[in-house]
Amino acid sequence: MNAVGIVEIERIKKRVRLCDYLVVAQLFLQDNFLTERELTFDDIKARLLGHWGTCHGINVAYANMKELFRDDENFSFALGPGHGFPALQANLWLDGELEKVDPMASRDIDGLEYICRNFSWPDGFPSHASPYTPGVITEGGELGYALANAYGVALGHPEKILAVLIGDGELETATAIDSLNLRNLLTTSSNGRILPILHLNGYKISGPTIYGRKSERELSELIRGFGFTPVMIEGDEPEVFQEALQKAVDSPFYIMRTEKGEGGPNRHQDAHQIPLKNPKTDEEELHALEEWLKSYDVGELFSREEGVLI
Ligand SMILES: Cc1ncc(C[n+]2csc(CCOP(=O)(O)OP(=O)(O)O)c2C)c(N)n1
């Protein structure tokens, strides 16, 4: 585990900003990928397909865990909500993992344009995690298997550490909730360590989640009943996240509460998929998209000449 100080906190914040930007660029843009000139209707993809709402939380969890275990080759991040694929793709691109299997996905402007243009595009990348994605086991956005898969990966490998992000809607699946029982069976010195993180953003597709509607006490007691120690992470600030990770508790189960759609033009169920429906034809929506993209100040994080600046 790394010490995480001011420099690392700043790096986490910048990483999240860059990945959030790349999510929005993948979802909406077919040109002008760094918003270097005024956005026009021609810059917008004709068919908008994908999921925004879960992506900021994925980027937050990914950046925080990656920073903590930066030099540990035994660390892996398992992602349950595969519909948040643009966030996964952004992180894999940034880490150079995508380029290892697809040389077109270079960590420079060509690679950035390649992943953005080809997201959710005919003959390009699908809108969900797929066999094209390095490390993906379960096709598409099929929810529920992340924790079970992670326990399987850790089986007989005491050196391994896996952080597992589970959606609160995902936790409503029979597979996910019953996977919590694996802690009892598989927490031994001959198996690796599992660090579950529940992404409690309160919503799934068009309505609220059961776990989002529970009181903190009710949810904590449920988690305790499976033998885990619940650790709350309120919001998306890395200082708060890292403080939670430093708590010395037995079998931690992190509960990260974010607002679904944080950073975008709307929230909750309205943010689940594409939060702006007609930026290709509606001036107001185009303007809202431009403001949204500009809010990340991508020029500070990536340059056409020098590539990634963080
Ligand atoms: C097994 C399964 N059932 C249903 C779906 C359809 N589905 C796609 S996203 C989603 C909501 C997921 O909610 P949550 O896990 O809370 O993720 P988030 O709210 O962060 O998007 C559902 C039910 C699915 N992908 N897999």
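The crossing of helices α2 and α3 is right-handed, meaning that the near helix is turned clockwise from the far one by less than a right angle. The model is predicted: local features need pLDDT of at least 70, side-chain atom pairs count only at pLDDT 80 or more, and totals for chains, interfaces and linings use all residues. Residues are numbered from 1 along each chain as its sequence is written.

**Helices α2 and α3**
- Helix α2 covers residues 55–68 and helix α3 residues 85–94; helices are DSSP runs (H or I, at least four residues), numbered from the N terminus.
- Their axes come within 8 Å and cross at roughly 35 degrees; axes are lines fitted to C-alpha atoms over the stretch in contact, and angles run from 0 to 180 degrees between N-to-C directions.
- Cys55, Ile58, Asn59 and Tyr62 in α2 meet Pro86, Ala87, Leu88 and Asn91 in α3.
- The residues of this contact divide into 6 nonpolar, 2 polar and no charged (Ala, Val, Leu, Ile, Met, Phe, Trp, Tyr, Cys and Pro count as nonpolar, Asp, Glu, Lys and Arg as charged, the others, Gly among them, as polar).

**Leucine 162**
- Leucine 162 lies in strand β2, residues 161–167 (a strand is a DSSP run of E, at least two residues).
- Leucine 162 is buried, because 24 other C-beta atoms lie within 10 Å (the cut-off is 20 or more, with C-beta atoms placed from the backbone).
- Beyond four places in sequence, its contacts include Ser76, Ala150 and Ile194 (C-beta atoms within 7 Å).

**Ligand**
- The ligand is surrounded by 21 residues (C-beta atom within 6 Å).
- By class, this shell has 4 nonpolar, 12 polar and 5 charged residues.

Terms used:
Buried ≥ 20, exposed ≤ 12 C-beta atoms within 10 Å, placed from the backbone. Contact = placed C-beta atoms within 7 Å.
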